[in-house]
Amino acid sequence: MNNTKDLLKVYLGGEAHRLAAQFAAQQATAQKGKQVYLNTLAVYAVRSYLKWLQIETSLGKSDSWHPGKRAVFDVADIALPDIGRLECRPVLPGKTVLDLPPEVTENRLGYVGVQFSENLSEVELLGYAPAVNSLEPIPISNLQPLDALIEHIYQIKSVVNFPKELSAPVKLSQWLENSFDAGWQTVEAILGKEKANFAWSFRNADSAAKTHPEASVRRGKLINLGMQLDSYPVALVVAITPTSAGETDILVQVHPTGDLTYLPPHLELIVLDAAGIKILDAQARSSDNYIQLQFSGELGECFSVKVALADVSVTENFAI
């Protein structure tokens with residue numbers, strides 16, 4: 001977990017800071033208030049990440065949200081119904097370990113390191129450590145990728161029919177190293193060479209790819225919306241291009257597959273931020289043979305892409 005490409009950024013808005021300030025103001029000392037403020041932000045950040053992955057949480061059942069318990073103990077837990085409690089430990093600048101107060105070494109699924117900087121508008125999720133019965137600090141270098149946490153949650157919930165679609169986000173930075181998740185194929189394999197070249201011509205027309213086409217990577221995945229499309233899948237195409245400014249240009253498209261020429265009317269393509277808020281959307285008309293959205297992001301940012309028709313949708317999660 002030493003490679004920064006595995007880190008995930010989570011942005012903290014006004015609601016997170018409002019709650020943190022409210023809880024901090026209830027404490028007896030300024031030092032305790034600062035502890036509660038950071039603990040609250042850490043919990044809020046991990047909750048946002050889990051919500052993005054559609055994993056249910058309950059702040060009301062968390063010790064960190066209980067006025068009496070957070071006043072007495074150093075707790076930053078979040079409750080996952082029917083699973084357990086996950087501890088979200090703040091990591092201040094310069095720290096190389098997760099400190100574990102005695103009260104968080106029991107009844108925990110594990111620990112997530114939440115890295116703070118001088119700018120409290122965003123944090124980085126450093127990784128995951130399984131539960132321990134020790135007060136020894138956990139070196140940040142020993143943290144496992146967040147994928148291990150998702151797998152652990154899946155294993156616990158699988159006995160009660162946990163949704164099979166739960167998965168870790170697709171890490172787009174790994175595409176630049178020619179490493180691709182299962183299901184993501186070359187666009188030519190999904191659309192055929194002619195349609196693939198057509199899609200790429202639009203990419204080159206209005207993006208960084210026209211100046212640096214060799215730096216761009218694209219992949220496609222079949223999206224099946226079942227009876228809404230008479231069992232004919234559409235193709236979700238994602239193309240990424242690193243920029244000289246250190247950001248990544250991202251293009252997402254939806255195309256018909258097989259013998260179909262046009263997308264079904266009213267098919268929607270939606271981009272959501274890490275908090276699940278819609279930031280971009282496009283809708284197919286009666287004679288559209290593709291729809292697309294284009295945006296940029298920084299390393300570590302998370303977003304989701306939803307393809308929807310009527311009351312049926314499929315969502316894919318990504319981390320830049």
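A salt bridge is taken here as a side-chain nitrogen of Lys or Arg within 4 Å of a carboxyl oxygen of Asp or Glu, and by this rule the count comes to 13 salt bridges. The model is predicted, so local features need pLDDT of at least 70 and side-chain atom pairs count only at pLDDT 80 or more, while totals for chains, interfaces and linings use all residues. Residues are numbered from 1 along each chain as its sequence is written, and side-chain values use heavy atoms, with hydrogens and water left out.

**View 1. Salt bridge between D63 and R85.** The closest N and O atoms of D63 and R85 are 3.8 Å apart. D63 sits in the loop between helix 2 (30-52) and helix 3 (67-72), whereas R85 belongs to strand 3 (residues 84-91), 22 residues apart; helices (H or I, at least four residues) and strands (E, at least two) are DSSP runs, numbered from the N terminus. D63 is buried at 16% relative accessibility, and R85 is partly exposed at 24%, where buried means under 20% relative accessible area, exposed over 50% and partly exposed in between (1.4 Å probe, protein chains only). D63, K69, D77 and R85 are linked in a network of salt bridges.

**View 2. Salt bridge between K171 and D147.** In this pair the closest N and O atoms lie 3.7 Å apart, and it joins K171 in strand 8 (residues 170-171) to D147 in helix 4 (residues 146-157), 24 residues apart. K171 is buried, with 12% relative accessibility, while D147 is partly exposed, at 34%.

**View 3. Salt bridge between K221 and E316.** The side chains of K221 and E316 meet at 3.0 Å, N to O. K221 lies in strand 9 (residues 217-223) and E316 in strand 16 (residues 312-319), so the pair ties together parts that are 95 residues apart in sequence. Both K221 and E316 are buried.
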